[in-house]
Amino acid sequence: MIGRILAPRLGDLLMKDGLVTEAQLGEALDYHKASGGRLGSCLVELGHISEDDISAVLSRQYGIPAVNPCNCEIDQEIIDLLTYETARKYEAMPLDRQGTKLSVAMVDPINVVTLDELRFMTGFSIDAKVAPESQIREAIGRYYSPSTDGALDDTLEDLDSALPENIEVLEEEEEEFDLKTLAQKSEETPRLRLVNAILLNAVKRGASDIHIEPYEKEFRVRFRVDGQLQTGLKLPIRFKDAITSRIKIMARLDITERRRPQDGRIKIRLRLSGKVKELDFRVSTVPTLYGQKVVLRLLDRENLMLDMRRLGFEPESLESFEKAISEPFGMVLVTGPPSVPM
């Protein structure tokens, strides 16, 4: 999507400047159809032009400054505004922030779809700069190195140690993946483990709800236990997109929809103390100022099998109630305020 918006215009610009011939452009378009990717990347791979030439043309044509993100000193606070997954997906590197404006180096700085997505994700207006793809990837590799996920590793270690040894998530079914998918899965594993650990900790605590809330500088997880919200953990803000997306995938929600509330359901199977049990999580997402808030309500079906005599009915009232619900007509209304405010 990102590259296709820019591709036709880019070819015309490069031909106009005499940087590629019509034959070279035709060859690159054929290569683009066969292998995908951006037209500019195809031209570079075929050796018809350099990345610097493409950046220079875009900078001159659209009046967008060209930068080398590898030569910039970028604060960790700025890095945290975009997750590694988002930076890599859009090939965008955050550089600096001035007030409500965030400077971002991009391969495709005039793609309105990408600019709109980044604006919504960060809450800042985007001041786009153009940079070669290789330099952006190098900067992403440098600033989003594995060491930046130390907080996630520590959190996973703490959550894993807090879980009983005899609890585990059972897979619903076997899946087959190609090599590319397997590579993506291996990169997602820490986030996947973190989401699983959050769900399992809710079970261990006896929580009725999980609140996953983004704020300006942190990402907070709270558990509702006995009617009281308890802070479970705080994470760097850069984890919010990956964790929220993982939960939405599990709940079969639209991960591209961030502006409207959504409702879904997660069903997991656990082996606890040698016994397999099923749990349902009702999932609700709501857009907020700093991102999407997620609320999960835990439903343990085994705990719902209650004897009505344990509900506090007086004998006469219980007899009347049982008689009413045994009738083939009419209705019984149970009303009251919701127990979980959003």
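A residue counts as buried when its relative accessible area is under 20%, and as exposed when that area is over 50%. The model described here is predicted. Its protein chain has 12 helices and 10 strands, and 43% of its 342 residues count as buried. Among contacts between residues at least 6 apart in sequence, 58% join residues at least 24 apart.

- E133 belongs to helix 8, which spans residues 133-143.
- With a relative accessible area of 14%, E133 is buried, because the limit for that class is under 20%.
- Leaving aside residues up to four places away in sequence, E133 touches R38, S41, E51, E91 and V107.
- Q98 is part of strand 1; its relative accessible area is 57%, so Q98 is exposed.
- The side chain of Q98 makes a polar contact with the side chain of D96, at 3.1 Å.
- Although Q98 and D127 are 29 residues apart in sequence, their C-alpha atoms are 9.8 Å apart in space.

- Strand 1 and strand 2 (residues 101-106) run antiparallel and are joined by six bridges.
- Within this pair of strands, Q98 stands opposite K101 of strand 2.
- In general, strands of a sheet pair through backbone hydrogen bonds, in either a parallel or an antiparallel manner.

**Helix 7 and its surroundings**

- At the start of helix 7, a side-chain oxygen of N111 comes to within 3.0 Å of the backbone nitrogen of V113.
- The buried residues of helix 7 are T114, L115, E117, L118, M121 and T122.
- Viewed down the axis of helix 7, these buried residues fall within an arc of 160°, and therefore they line one face of the helix.
- An α-helix has 3.6 residues a turn, so residues three or four places apart point the same way.
- Just after helix 7, G123 adopts a positive phi of about 80°.

**The nonpolar cores**

- The largest nonpolar core has 31 residues, and those with the most contacts inside it are I210, I247, I266, F281 and L296.
- Elements giving two or more residues to this core include helix 10 (179-205), helix 11 (240-250), strand 5 (209-214) and strand 10 (291-300).
- Helix 10 gives the most to this core, with seven residues.
- Not counting residues up to four places away in sequence, L296 touches L199, S208, D209, I210, I212, I247, I266, F281, R282 and V283.
- A second, separate core has 28 residues, among them L82, Y90, L118 and I136.
- In soluble globular proteins, nonpolar side chains tend to be buried together.

Notes: Residues numbered from 1 in each chain as written. Predicted model: local features only at pLDDT ≥ 70, side-chain atom pairs only at ≥ 80, totals over all residues. Heavy atoms only, no water. Pairing = 2+ DSSP bridges. Helix = DSSP H or I, 4+ residues; strand = E, 2+ residues; numbered from the N terminus. Core = buried A, V, L, I, M, F, W, Y, C linked by side-chain atoms within 4.5 Å. Buried < 20%, exposed > 50% of the residue type's maximum accessible area, 1.4 Å probe, protein only. Contact = heavy atoms within 4.5 Å. Arc of directions from axis to C-beta. Polar contact = N/O pair within 3.5 Å; in protein donor to acceptor, adjacent residues only side chain to side chain.
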